[in-house]
Amino acid sequence: GGTMAIKLDITGTVAVVTIDDPATRNALTGGSARDLTAKLADAGGRGDVGALVIRGEGGHFCSGGARSVRAAAQQRPYDLQVSADLSSMYESFAALASLPVPTIAAVRGAAVGAGVNLALAADVRIVARDARFLSGFLRIGVHPGGGHFALLDRVAGPQATVAMTLLGEEVTGQRLVELGLAWEALDDAEVD
């Protein structure tokens, strides 16, 4: 695909950061993760922003690391550029988690792998009834990075963590709320 856009829109006191690459279901690359971190810092550093919403364009939240990044991580695990790209992704989760204002992930469609990490880095998650969280790491032979186990365990506990990461269970909508992974499940059209 082309270069992925990370958009920052501010309406009143609410900043909305949108991952905008629907063709890849909003997969992250090293470059887009760096752009995401910059946009989050920009929003968080403004005196007029009281809350931030992170969302994905085109009906999906984030399908995780881009296929190109995943392939490089498998083929060249010690490559410095691969390490830099993965670090950029982790930094984007940390940037979201450390913002000085309340953050809300508006999750429609799929959050996979790193996309789950990104959603979990927000303070509150509002999900569509048909939204899906899928760990996805082990299925593609990649170690869950970015604090994936710790984030899941902190929010949903050890049982959900094992089911999602080791057994590959997909968790949807209302079940996300029951597990504490989301605050509320709404009709898709109401999420944003």
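Arg25 is partly exposed, because its relative accessibility is 41%. In this predicted model, Arg25 sits in the loop between β2 (14-20) and α1 (30-44). Its phi is near 55°, a positive value in a residue other than glycine. Most residues other than glycine have a negative phi.

Asn26 lies in the loop between β2 and α1 as well. The phi of Asn26 is near 65°, again positive in a residue that is not glycine. Is Asn26 buried or exposed? Asn26 has 0% relative accessibility, so it counts as buried.

## Strand β3

Strand β3 covers residues 51-56, and six of its six residues are buried, so the strand is largely enclosed by the rest of the structure. In a regular strand the side chains alternate between the two faces of the sheet. On one side of β3 are Ala51, Val53 and Arg55, and on the other are Leu52, Ile54 and Gly56; all are buried, and both faces are covered.

β3 pairs with β2 in the parallel sense, over six bridges. Ala51 in β3 is the bridge partner of Val14.

In soluble globular proteins, nonpolar side chains tend to be buried together. The largest nonpolar core here has 52 residues, and those touching the most other members are Leu52, Phe61, Leu96, Val107 and Phe133. Which helix gives the most to this core? Helix α4 (residues 114-121) does, with six residues.

A pair of aromatic rings is described by the distance of the centres and the angle of the planes. The count for this structure is one aromatic pair. The ring centres of Tyr90 and Phe93 are 6.2 Å apart and the planes are at 45°, so the pair is tilted.

Both residues belong to helix α3 (residues 80-97), where Tyr90 and Phe93 are three residues apart, about one turn of the helix. Tyr90 is partly exposed because its relative accessible area is 35%, whereas Phe93, at 4%, is buried.

## Salt bridges

Side chains of opposite charge can pair when their charged atoms come close. The structure holds 13 salt bridges. One of them joins Arg76 and Asp79, with the closest N and O atoms 3.4 Å apart. Arg76 has a relative accessible area of 41% and is partly exposed; Asp79, at 26%, is also partly exposed. Elsewhere, salt bridges that share partners join Lys7, Asp20, Arg55, Glu57, Arg108, Asp188 and Asp192 into one network.

Arg55 counts as buried because its relative accessibility is 12%, while Glu57 is partly exposed at 26%. Arg55 also forms a salt bridge with Asp192, where the closest N and O atoms are 3.1 Å apart. Asp192 lies in the segment after β9 (184-186) and Arg55 in strand β3, so this pair ties together parts that are 137 residues apart in sequence. At 56% relative accessibility, Asp192 counts as exposed.

## A nonpolar surface patch

Val162 lies in helix α6 (residues 158-165). The relative accessibility of Val162 is 41%, so Val162 counts as partly exposed.

Terms used
Residues are numbered from 1 along each chain as its sequence is written. This is a predicted model: local features need pLDDT of at least 70, side-chain atom pairs count only at pLDDT 80 or more; totals for chains, interfaces and linings use all residues. Side-chain values use heavy atoms; hydrogens and water are left out. A nonpolar core is a set of buried Ala, Val, Leu, Ile, Met, Phe, Trp, Tyr and Cys residues joined through side-chain atoms within 4.5 Å. Buried means under 20% relative accessible area, exposed over 50%, partly exposed in between (1.4 Å probe, protein chains only). Helices (H or I, at least four residues) and strands (E, at least two) are DSSP runs, numbered from the N terminus. Rings of Phe, Tyr and Trp (its six-membered ring) pair if their centres lie within 6.5 Å; planes under 30 degrees apart count as stacked, over 60 as edge-to-face and the rest as tilted. Two strands pair if DSSP finds at least two bridges between them. A salt bridge is a side-chain nitrogen of Lys or Arg within 4 Å of a carboxyl oxygen of Asp or Glu.
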